[in-house]
Amino acid sequence: MAVKPAAAIVALALALALGPPTPQFRSGVDVVTVDALVTLDGRAVTGLTAADFELRDNGIVQEIDSVSIDDAPVSMLLALDTSNSVEGPTLDHLKRAAVAAVDALAPDDRAAVMTFAEGVTLRARWGSPSGATREGIMRTAAGGSTSLYDAAYAALTLQDTGPGRRSYVLLFSDGGDTSSWLPARGMLERARRSDAVVFVVTRKAPKPDVRLEYRPGVELWTPQSPAAAAGAAMIDLADLTGGHVFVVQRADELRGVFSEIVSQFRNRYLLRYRPRGVDAAGWHTIALKLAGGRAVVTARRGYAR
Amino acid sequence: MYGARGVLLPLALIAALTQRPAETAAYREAVSQYRAGTPVTVEVDPGLAAAAADASSGWTADELAAAAMLHTDRLLRLAKDSQPPRAAAHMEAAVTLLRAAIARDPARTAYARRWGSTVAALLHAYGSRELADHLRLEGLAWLTTSERAAAANASFQLGLLAEIRAAVAGPLSGAVPKKAVPITAEARRELVEAAGHFEDALATDREHAGAALHLGRIRLIEGRDADADRALRGAAASADAPVRYLALLFLGAIAERQSRFEDAAAQYRAAMAYFRWGQSAPLALSHVLMRIGREPEARALLIEHFEGVRGRTIDPLWTYLSDPATDLGPALELLRAETWR
């Protein structure tokens, strides 16, 4: 077929103006999972089906392929702050709480244990909840400053990659970051690309990182820093991943809170969908709600591809 | 009191060389364990240090430095327990071994200087002032410093104190601000002052790698990337492991900021290769790999790192802004780590 030069020029100009075609998700290839908790007056709501949810990906309503509850095995990574501030009775309570969390897992669940002061240490690799997991917890000692952002980044990066599992990070910290290389922004970037849900347990309500300037890394006074420091990073982390921040007043409350978190794993829904009608690359905002009723849905705020 | 031990060294050497080959072998095995991170529970005899230090012993500079740290641990424990005479013997042994390490490998000189200042400060903190003074005035007197280097070092110390003041941006003991204040005018002034001192140090001694490193970081956080790059490349040529590691890390940060991700990854990899016990370099590398979509690599390298270090992690970054008079724990741990294998 002959093409008129003028038409070809118009087509070329259009192509240049529009740029390369934006890649879109190929149907059936990329599955997105959303781990969600539904509560009404603070109590978990169970028995819901796909028809009860409305899910939007970058504003486009999506068809939910499956919704399951309590049938997918859990992978839980415990990330425990063992810096100076937990030395003494707090460390004993923390160990007991962590062992209780491991004991509450089912035999087909998996667990890993990481501790952090300045240094991040993998105490127990991914495996069935076992004596080795408990031993990894119990041989921990306290001391040093706190590389909280480095540890959170590592915990999210090392999440269990086994198929069909729910990934959770249970992160305990007793204070703010004092010695990380990575800034809070680096940790949050990781969270945006992760399927794991992060539960933060702390003894003090997270505050903006007022000591950012003391950290010796290189991202201190760049123009981005004030914005990075403006929010309480650990609240953002939990919120971004669909988790929650628990603040305890006393160390002896840790065991109860850890157990409550693990029991919450069993009441969470796992939704799967294949994005349609949205670009493949970049940040995707997820809006998940119930089609009716006043129950509250807590889920990841989005994902990056 | 302790100076008299110097004349006893030849006798100890003769004894060790001629009479105790089994003990010498056990001593070397203890040092090997120490380098592998295995706790050394046997007592180490400071009298064996001279034989190890002897030029014909076959010991490498790394082994000698590790042996010096083994004796240093004993020295500090005994100093804490108020046993100065026994502590002094281990101190003499450590000095002898470090001197021999430098004879084998002059690049260990910066290490020995850091050892001297850290150990003297620790001894002072433990109440062993006599030992501390002896170490400063006599024990390391052979580690001579030229007038030029001393003047450069004085400028460097002033710069470091100003940089610490700038970083803290106010007393840490003060009330916690209600809002995040990443920079204050006061801090900015301190930073400018610090940079001036580091420039003075480099003008006096252009080989002062520490000054180049700290000047480079200040230029980096000021956004003067070209100046930072120049200073940091100088520091990256240093034989002093922590300085070199941090310079490579900061060069990676410049590249990352400029979206030269492959260059950044290369710098972080170089830092990891040079000092494997650090934490910042593997995390920085993993993070940059994640940013460019190489997620499996980002994960695999962290797994490899954690399995490789087996909990033995010490990052030079944690000593970067240490006050040399007070923040001694990480400095000592870093000295130990530089002898691990």
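Modeller: Four strands of chain A form an open sheet in the order E4-E3-E13-E15, with antiparallel pairing. This is a predicted model, in which local features need pLDDT of at least 70, side-chain atom pairs count only at pLDDT 80 or more, and totals for chains, interfaces and linings use all residues. Residues are numbered from 1 along each chain as its sequence is written, while chains are lettered from A and ligands numbered from 1 in the order in which they are written.

Biologist: What makes strand E4 and strand E15 of chain A edge strands?

Modeller: Strand E4 (60-62) and strand E15 (302-304) of chain A each pair on one side only. Strands (E, at least two residues) and helices (H or I, at least four) are DSSP runs, numbered from the N terminus. From one strand to the next, the twist averages 30°.

Biologist: Why are H4(A) and H14(B) called oblique to each other?

Modeller: Helix H4 (residues 148-157) of chain A and helix H14 (residues 280-291) of chain B pack at an angle of about 55°, and their axes are 11 Å apart. Axes are lines fitted to C-alpha atoms, for helices over the stretch in contact, and angles run from 0 to 180 degrees between N-to-C directions. Angles under 35 degrees count as roughly parallel, over 145 as roughly antiparallel, 65 to 115 as roughly perpendicular and the rest as oblique. H4(A) and H14(B) are therefore oblique.

Biologist: Which residues make the contact of these two helices?

Modeller: H4(A) contributes A:Asp150, A:Tyr153, A:Ala154 and A:Thr157, and H14(B) contributes B:Leu283, B:Ser286 and B:His287. Residues are in contact if their C-beta atoms, placed from the backbone, lie within 7 Å.

Biologist: What are the domains of chain B?

Modeller: Chain B is divided into domain 1 (3-139), domain 2 (146-225) and domain 3 (239-321 + 330-341), with bounds from an automatic or database domain assignment. The C-alpha centres of domain 1 and domain 3 of chain B lie 30 Å apart. Their contact takes 14 residues from domain 1 of chain B and eleven residues from domain 3 of chain B.

Technical notes:
Pairing = 2+ DSSP bridges.
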